[in-house]
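Please consider the following model together with its sequence.

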Amino acid sequence: MTPRTYLAATARILAQLRADRRTVALIVAVPSVLLTLLYFIYIDLPGAGPLFDRIAVSMIAILPMTTLFLVTSVAMLRERVSGTLERLWTTPTHRADVLFGYATAFVCTALVQSLVLCSVAVWGLEVTVTAGWGWVLLLALVTGFVGVCLGLLVSAFARSEFQAVQFMPVVIAPQLFLCGLLVPRESMPRPLEVVGDALPMSWAVDAVTQVATETDVSAGFVHRVGFLLAFGLVALTVAALTVPRRTR
């Protein structure tokens, strides 16, 4: 990977994103709309305030990973199917330049997404966080990065955009069920608890729940953020090594 081609790839992908308003709306606006919908679902329930706060902060960790996984996997497949990648391989551009360029471009959109999502939660939905919203914003950005890296990884094993979408229930849905959002993981059967503890979405939910309920940020939060970053980097590296040079 060279800085010149990496920056060129990042700039190209950012330009494509700016021109695709539907994708920008999906990344930036849809998560906030979904969070607002959850607010109105819970608004009339007894004890809705604390319950919604718990779910809302968990969703702030989950939604960036979910939306960016979907968008990134489909966008990368579109590049392959259209022949753009094959043309790039004839230039000095390397796989790592393209993959890390994608990750950088989409992480920039994840930053915008996280800012909008946290702003809606704070000022629109009055969600309270004990340790400070800066930590929630950081975690949302990190989970967005993980979603981007997972999307790039699974795109290497799909041959069409439809196949990329099919990875959604395989990769994201089990994490959503086992992360502790629906049922505390310690209340699950032991095998499911063990599997849930090993999933990145579970680390994200545990970390954001901690900063939502505790005043000080503990070493556990730092460790979980570190695990998420390491997981994302490993997934991105594997994606750079496995993305096909040709689409058959």
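R54 is partly exposed, with a relative accessible area of 36%, where partly exposed covers the range between buried (under 20% relative accessible area) and exposed (over 50%), computed with a 1.4 Å probe on protein chains only. The model is predicted, so local features need pLDDT of at least 70 and side-chain atom pairs count only at pLDDT 80 or more, whereas totals for chains, interfaces and linings use all residues. Residues are numbered from 1 along each chain as its sequence is written, and side-chain values use heavy atoms, with hydrogens and water left out.

R54 lies in helix 4, helices being DSSP runs of H or I with at least four residues, numbered from the N terminus. Apart from neighbours within four places in sequence, R54 is in contact (heavy atoms within 4.5 Å) with G180 and L181.

Q113, in helix 6 (residues 95-124), counts as buried because its relative accessibility is 0%. The side chain of Q113 makes a polar contact with that of T67 at 2.8 Å; such a contact is a pair of N or O atoms within 3.5 Å, and within protein one must be able to donate a hydrogen and the other to accept it, while residues adjacent in sequence count only if both atoms are side-chain atoms.

| Residue | Relative accessible area | Class |
|---|---|---|
| R54 | 36% | partly exposed |
| Q113 | 0% | buried |

In helix 2 (residues 21-28), T23, I27 and V28 are buried. The buried residues of helix 2 pack against helix 1 (3-19), helix 3 (30-42), helix 4 (48-81) and helix 6, and I27 and V28 are among the contacts of Q113.

Definitions and conventions. Helix = DSSP H or I, 4+ residues; strand = E, 2+ residues; numbered from the N terminus.
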